[in-house]
Amino acid sequence: MDIRNPQAAAGYAGPDDIWNPEEDDALLCLDVHQETHDVKTFTFASRDGKRFAFKAGQYFLFDLEQNGEPESRCYSISSSPHRTNAFSVTVKRVPGGKISNWLHDTLVAGAAIRANGPLGHFVRPTGPGRKFLLLSGGSGITPVMSMVREIADSCEPADVVFMHAARTPRDLIFRDELTLIAEKLKGLRLHFLPESVAGEPSWPGLTGRISAEYMRLAVPDIAERIVMCCGPARFMAAARKIVAELGVSEANYREESFDAAVIDEPDLPIVEEAAAKLFQVEFSKQSRKIEVSGEQTVLSCAKKAGVRLPSSCANGVCGTCKSKLVSGAVDMNHNGGIRQREIDAGFFLPCCSKPLSDLVIER
Ligand code: FES
């Protein structure tokens with residue numbers, strides 16, 4: 001197969017055929033590009049020329065196997081949603097990071113990988129006249145890069161401040177491309193904020209960490225903007241505090257994180273009653289049945305049994321594992337990863353749910 005042109009090579013997908021992970025969850029790696037010393041962009045296409053329909057800010061969940069154990073990781077899409085024949089994710093090598101290191105060291109053009117997506121709700125609100133602050137730290141730049149590429153591709157009239165913080169100038173991902181886009185795109189203001197100038201003493205701009213003083217100076221009208229923020233947990237905690245202090249309402253602040261919260265599960269009498277029992281849990285689409293005790297989460301048993309179920313945080317935060325419960329009852333202790341109206345519509349999060357009866361799950 002010509003991996004640069006899988007559509008031509010496969011030859012049978014029409015322009016309206018959209019990739020559907022329920023039918024075929026394999027993706028073909030088209031290209032690997034070194035962005036910075038420790039960041040690579042991986043570009044994927046479907047194996048049969050299908051297109052991808054996603055929104056800027058969404059992510060894909062990649063399923064891998066490490067030492068015989070299934071592992072899943074979420075990576076935000078960094079490419080523009082207007083380019084539908086392929087999509088890219090941009091991954092920073094993390095010291096000790098099993099999956100990011102595997103991707104960096106092993107994944108090459110031509111290799112296949114399993115994935116589910118697009119997923120996630122970190123998307124820009126639509127509507128005329130909106131002003132944005134796209135705020136990112138480190139590899140958190142990926143979803144907001146997708147947004148700025150979308151704006152550039154569509155020539156959408158924009159009033160966007162793009163602010164990106166990194167350790168040093170050499171850690172600024174997409175620096176050249178963003179500079180070029182900002183030169184052409186009226187309405188885009190770009191601020192890079194390295195913490196130090198290590199490696200580039202001639203750095204012309206300000207340095208340091210984000211602060212209320214810096215934000216006030218760089219984005220004087222911040223209170224009128226919708227803030228889309230992504231970065232490491234500590235960066236986002238600081239950003240959240242600063243933007244609130246500067247008058248951004250809660251409704252106008254959105255953030256993306258794949259960090260799992262550590263939680264203690266409360267004791268519920270009904271769970272104690274069911275704990276000793278074993279329940280039959282059926283995954284209808286995969287025609288699989290497993291046994292899950294009232295003490296275990298559905299996800300943990302499904303993973304051990306090799307049932308395909310997307311997941312990421314395993315703590316009821318991210319919503320990745322959201323599934324339709326066709327029949328049965330569960331005790332679910334989520335952390336915001338599901339909305340009440342979704343629960344009312346019969347959905348649940350297997351990662352934080354223990355069965356209270358036999359279950360049938362649409363997966
Ligand atoms: S895996 Fe994140 S909510 Fe279930």
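# A quick tour of the cavity, pockets and sheets

Start with the residues around the largest cavity: Ser311, Ser312, Cys313, Ala314, Gly316, Cys318, Gly319, Thr320, Cys321, Leu349 and Cys351 form its lining. Bear in mind that what you're looking at is a predicted model. The protein has 363 residues, and its domain assignment gives domain 1 (6-119), domain 2 (132-256) and domain 3 (268-362). Here's the rest of the picture, topic by topic.

**The cavity**

- How many cavities of 30 Å³ or more turn up in a search of the whole structure? The search finds one.
- The space inside the largest cavity comes to about 30 Å³.
- Sort its lining by class and you get six nonpolar residues, five polar ones and no charged ones.

**The largest pocket**

- The largest pocket has a volume of about 1500 Å³.
- A total of 47 residues line this pocket, and Gly137, Gly138, Ser139, Gly231 and Pro232 are the ones closest to its centre.
- Where does the largest pocket lie? Domain 1 (6-119) and domain 2 (132-256) both give residues to its lining, so the pocket lies between them.
- Several elements supply at least two lining residues each: strand E4 (69-76), strand E5 (87-92), helix H2 (98-106), strand E8 (160-166) and helix H6 (233-245).
- E4 gives the most to the lining of the largest pocket, with five residues.
- By class, the lining of the largest pocket splits into 20 nonpolar, 15 polar and 12 charged residues.

**The second largest pocket**

- Next comes the second largest pocket, at about 550 Å³.
- Of the 24 residues in its lining, Glu255, Glu256, Val317, Cys318 and Gly336 are the closest to the centre.
- H6 and strand E11 (253-256) are the elements that give two or more residues to the lining of the second largest pocket.
- Which domains have the second largest pocket between them? Domain 2 (132-256) and domain 3 (268-362) both give residues to the lining, so the pocket lies between these two.
- The lining of the second largest pocket divides into nine nonpolar, seven polar and eight charged residues.

**Overall build**

- Count up the secondary structure and you have nine helices and 18 strands.
- The protein's radius of gyration is 22 Å, close to the 21 Å that the globule rule gives for 363 residues, so it is as compact as a globular protein of that length.
- Along the principal axes, the C-alpha trace spans about 65 × 55 × 40 Å.
- Buried residues account for 50% of the 363 residues.
- The centres of domain 2 and domain 3, taken over C-alpha atoms, are separated by 38 Å.

**Strands and sheets**

- There's an open sheet of five strands with mixed pairing, in the order E13-E12-E18-E14-E16.
- Its edge strands are E13 (288-293) and E16 (347-348), each pairing on one side only.
- E12 (residues 278-283) runs antiparallel to E13, and six bridges join the two.
- For a landmark in that pair, look at Val281, whose bridge partner in E13 is Ile290.
- In a regular strand, the side chains alternate between the two faces of the sheet.
- Elsewhere, strand E1 (residues 26-36) and strand E6 (residues 112-119) run antiparallel and are joined by three bridges. Here Leu28 stands opposite Ala112 in E6.
- E6 also runs antiparallel to strand E3 (residues 59-66), with four bridges between them. In this pair, Leu61 stands opposite Asn116 in E6.

**A closer look at Phe122**

- Phe122 sits in the loop between E6 and strand E7 (132-137).
- Is Phe122 buried or exposed? Its relative accessibility is 3%, so Phe122 counts as buried, the cut-off being under 20%.
- Phe122 and Lys55 are 67 residues apart along the chain, and their C-alpha atoms are separated by 8.9 Å.

Technical notes: Residues are numbered from 1 along each chain as its sequence is written. This is a predicted model: local features need pLDDT of at least 70, side-chain atom pairs count only at pLDDT 80 or more; totals for chains, interfaces and linings use all residues. Side-chain values use heavy atoms; hydrogens and water are left out. On a 1 Å grid over the protein atoms alone, a cavity is a set of points where a 1.4 Å probe fits but cannot get out, and a pocket is an open set with protein on both sides within 12 Å along at least five of seven lines; lining residues have an atom within 4 Å of a point. Grid points are joined across faces, edges and corners, and a volume is the space filled by probe spheres set on the points. Ala, Val, Leu, Ile, Met, Phe, Trp, Tyr, Cys and Pro count as nonpolar, Asp, Glu, Lys and Arg as charged, and the others, Gly among them, as polar. Two strands pair if DSSP finds at least two bridges between them. Domain bounds come from an automatic or database domain assignment. The radius of gyration is taken over C-alpha atoms; the globule rule is 2.2 Å times the number of residues to the power 0.38. Buried means under 20% relative accessible area, exposed over 50%, partly exposed in between (1.4 Å probe, protein chains only).
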